[in-house]
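Grab a pencil and work through these exercises with the model open beside you. Each one has a task and then a stepwise solution.

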Amino acid sequence: MNNVNDILNNYFEGTALPEEEKRLKEYFRSDTVLTEHEMYKPLFAAFNEEKQISAPIFVIPVKKNDKKPFLFRKLWISAASIAAVMLLVVILFPLKNKTEISSGDYVVFIHGKAISDPKKAQVYADKMFMQANEIIRTSYEPLVEANTIHKEMDADKIFDDLSQKINYIKSANQ
Amino acid sequence: MKKSTIDVRISPVSRLLCMNAQQFQHQVLCYSDKLYRMALSVLKDDSLSQDAYQELMMRLWEKRSQLKMIENRQAYLLTSMRNLCLDMLRKQQPNGVLPLNAASTVPDPHQLTEEADMVNNISRMIDLLPEMQRTIIRMKDVEEMEMTEIAKIMSLTENAVTANLSRARKKIREMILTHQQQEKMLYEQRK
């Protein structure tokens, strides 16, 4: 009895060993509980009773959170793969243009800049041809004048003209 | 109370998920009862405890891939449940502060005798203890957990757990003794 009292005191002090607590619980579960300890019997019975409380049912939400059926997933994966490949091509194509130019591409380099728009390139080319034409025209103007002078200053022609004029005067005097 | 089995329904279409559901059952749902009892101990309300339990389970199910990495799963789950319940208690308060613990008064002897169920009254007495004390006493005496694990769940030292456990048990003893004296007085008055 003293032993039970000691263990009980230790129990309430929180210093009882796990083995002592086990013995105490067994004692209060038995039919040999002394009258002086009867008042503590419901305490240990309450612990046992609380241990019987069970959780409500939890249903795993399979449909909501889990993966799609196999066939659906397969289709989805295929579609995603195609989309990924197309996206890759779209991403890589401009890179290819930047690094190398194929013979079929319409590309004009202006001040080191590649222009692939045909209209822009045409406008720029026309402008450049006009400028070149003007340069050529203004550059050849003195040469044309010199040629004209050269033609006018032809000695044979001058002598021919002069001999014709002399002959004309001679015939007039006779 | 009758113990119920855990119901895990898996549709035949999702057979591939069986492993996940089974793992979840083995790793988490095996602690269901302890978790629910923890919720009851903190919240002291069946309906709220059921909500807390379902909420925690949903969260755990959604993050089930991360659960594999947790070493002490029981401590993690019980800590999560306690924190969730404390959050719920805070949200119930207009100022968002955790409610003060009820005074540890002994239930009215008239009421007790009417109920005529001392075992249930002990549970009510435990519910009168401060949240920390009642959670500790239940983890120790109902769940029969080790002091080290209780300390881990409660984020306390083992000495602090022992002190709280001692206080809780002493208060319960006082309540039992007071209740017995009141019963005696009632008995004598009736005579």
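This is a predicted model: local features need pLDDT of at least 70, side-chain atom pairs count only at pLDDT 80 or more; totals for chains, interfaces and linings use all residues.

**Exercise 1: a helix pair**

Residues are numbered from 1 along each chain as its sequence is written, while chains are lettered from A and ligands numbered from 1 in the order in which they are written.

Task: work out how H2(B) and H5(B) are oriented and which classes of residue make their contact.

Solution: 
1. Find helix H2 at residues 32–43 and helix H5 at residues 73–92 of chain B; their axes come within 9 Å and cross at roughly 30 degrees. Axes are lines fitted to C-alpha atoms, over the stretch in contact for helices, and angles run from 0 to 180 degrees between N-to-C directions.
2. H2(B) and H5(B) are therefore roughly parallel (under 35 degrees; over 145 is roughly antiparallel, 65 to 115 roughly perpendicular, the rest oblique).
3. The contact includes B:Met38 and B:Val42 of H2(B), and B:Met81 and B:Cys85 of H5(B). Contact means C-beta atoms, placed from the backbone, within 7 Å.
4. Sort by class: 12 nonpolar, no polar and two charged residues. Ala, Val, Leu, Ile, Met, Phe, Trp, Tyr, Cys and Pro count as nonpolar, Asp, Glu, Lys and Arg as charged, and the others, Gly among them, as polar.

**Exercise 2: another partner for H5(B)**

Task: describe how H5(B) packs on H9(B).

Solution: 
1. H9 covers residues 147–154 of chain B, and its axis lies 9 Å from that of H5(B), at an angle of about 40 degrees.
2. That makes the pair oblique.
3. The crossing of H5(B) and H9(B) is right-handed.
4. On the H5(B) side sit B:Ala75, B:Leu78, B:Thr79 and B:Arg82, meeting B:Glu149, B:Lys152 and B:Ile153 of H9(B).
5. By class, that gives three nonpolar, one polar and three charged residues.

**Exercise 3: one arginine**

Task: is B:Arg134 buried or exposed?

Solution: 
1. Look in helix H8, residues 131–141 of chain B.
2. Count 23 other C-beta atoms within 10 Å, so B:Arg134 is buried (20 or more; 12 or fewer is exposed, in between partly exposed; C-beta atoms are placed from the backbone).
3. Beyond its neighbours within four places in sequence, B:Arg134 contacts B:Ser41, B:Ile126, B:Asp127, B:Leu129 and B:Ala168.

Note on methods
Helices (H or I, at least four residues) and strands (E, at least two) are DSSP runs, numbered from the N terminus. Two residues are in contact if their C-beta atoms, placed from the backbone, lie within 7 Å. A crossing is left-handed if the near helix is turned anticlockwise from the far one by less than a right angle, and right-handed if clockwise.
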